[in-house]
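The following note was prepared for a colleague who has the coordinates open. Please read each point against the structure shown here.

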Amino acid sequence: MSGSTLCFVESPVQLLNVLEWAHHQEVTGTVVVLSPTDPMTRGQLRRMAELARTEGHTVRWEEARGGAAAPFQTIGGLAPSLRRADRIVLGDPFSRYVQLLLTITRARELVVVDDGTATMEFVAQLVRGERLVRWHRRGGRVGPRDLVFGPVAAAARRRLTGHARRDSVSVFTSMPVAEVPDGVTVTSNDYAWTRARFGPPRITRGADMVGTSLVETGVVDLEQYLGAVRELTRAHGATRYFAHRRESADKLHRLAAETGLEIVRPDLPLELIARRGPIGRTILSFPSTVVHTLPIALAGTGVKVAVCEIDPAWLRQGVSDHAQGFLAGIAGSARGVVRAV
């Protein structure tokens with residue numbers, strides 16, 4: 001595959017899947033990190049950026065949210081590269097930053113790499129012809145900023161369907177995709193780079209638990225979540241809790257005090273942590289990206305991934321029916337997992 005490649009990422013998972021895509025295509029390119037402000041996410045991105053450099057990629061770190069003038073400086077600085085690029089690789093098609101950058105580039109080839117379960121929602125919205133909205137915000141009010149940004153978002157959506165300027169659009173994903181939009185190609189991500197680069201891991205006899213940020217995003221009630229973790233810990237003998245990078249320190253402190261779990265703040269995406277080991281023989285998770293990716297990344301190791309479905313009683317008041325259905329779909333469509341009881 002020839003031509004210059006420019007990749008935009010805002011999270012460690014997106015950067016991991018850029019590396020997986022590049023390995024699959026046997027290409028290198030320039031990775032632009034549109035850095036968030038969250039310290040945990042920034043730390044993981046720094047580590048992933050080091051890995052990207054060792055794989056031959058150029059990494060450009062942009063303090064894209066470092067003040068009121070930062071977006072203008074970032075976009076102005078990237079404009080020449082955007083106009084020269086033959087191929088644009090996107091980690092988050094829902095990002096307003098990315099949607100704005102799409103209005104500048106002349107690249108005819110667009111690639112969307114996995115941003116976890118959000119990729120499932122992205123493809124489904126393209127199929128249904130809907131505006132691009134993150135799953136947990138569906139059903140909410142359209143605010144003034146949405147109205148102002150509407151024309152940019154609409155233009156980005158047209159490009160991502162392959163209907164604008166005869167663009168080539170593809171999605172590189174490990175997520176199950178039930179229906180593919182016309183004009184979009186889907187390629188399977190089998191985590192070949194991760195499996196070749198890390199492991200196989202040492203397997204411990206116990207169980208590990210994977211945290212989720214569903215409380216922080218306003219979907220699940222805090223007390224209900226704490227109660228569910230306590231029950232799972234007792235039932236499965238879990239000893240470690242791998243925190244999501246967006247989980248709050250107060251919540252994690254309560255979890256440690258009330259369950260006795262060792263709280264682990266991973267410095268890399270969990271797929272790499274698990275391959276590097278040591279990792280429990282059973283990994284417990286609520287509906288999230290890892291119930292799809294860990295069975296692939298850990299194939300052949302003997303590790304069992306168990307998913308605990310979200311009880312509707314745990315949801316906060318006002319959570320939409322769509323959000324409930326989306327969470328159920330994540331658990332129900334996961335391959336290679338068992339149900340946690």
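1. The model is predicted, and local features need pLDDT of at least 70, side-chain atom pairs count only at pLDDT 80 or more, and totals for chains, interfaces and linings use all residues. Residues are numbered from 1 along each chain as its sequence is written, and side-chain values use heavy atoms, with hydrogens and water left out.

2. Helix 1 (12-25) is mostly covered, with 11 of its 14 residues buried (under 20% relative accessible area, with exposed over 50% and partly exposed in between; 1.4 Å probe, protein chains only). Among the buried residues are W21, N17 and E20. Helices (H or I, at least four residues) and strands (E, at least two) are DSSP runs, numbered from the N terminus. Just after helix 1, E26 has a positive phi of about 60°.

3. Helix 2 covers residues 39-54, and its end C-alpha atoms are 23 Å apart, which agrees with the 22 Å that its 16 residues should span. T41, Q44, L45, M48, A49, L51 and A52 are its buried residues. Seen down the helix axis, these fall within an arc of 160°, so they line one face of helix 2 (the arc is that of the directions from the axis to the C-beta atoms). The exposed residues P39 and T54 are carried on the face turned away from the buried side.

4. The buried residues of helix 2 pack against helix 1, strand 2 (30-34), strand 3 (58-62), helix 7 (192-197) and helix 10 (270-276) (contact means heavy atoms within 4.5 Å).

5. R254 is located in helix 9 (residues 249-259) and counts as partly exposed at 27% relative accessibility. Not counting residues up to four places away in sequence, R254 touches L222, E223 and L226. R254 and R158 are 96 residues apart in sequence and 46 Å apart in space, C-alpha to C-alpha.

6. Which helix gives the most to the lining of the second largest pocket? Helix 5 does, with six residues. Helix 5 (118-128) and helix 12 (321-333) each supply at least two lining residues. Of the 15 residues that line the second largest pocket, M120, A124, P176, V177 and A178 lie nearest its centre.

Technical notes: On a 1 Å grid over the protein atoms alone, a cavity is a set of points where a 1.4 Å probe fits but cannot get out, and a pocket is an open set with protein on both sides within 12 Å along at least five of seven lines; lining residues have an atom within 4 Å of a point. The expected span of a helix is 1.5 Å times one less than its number of residues.
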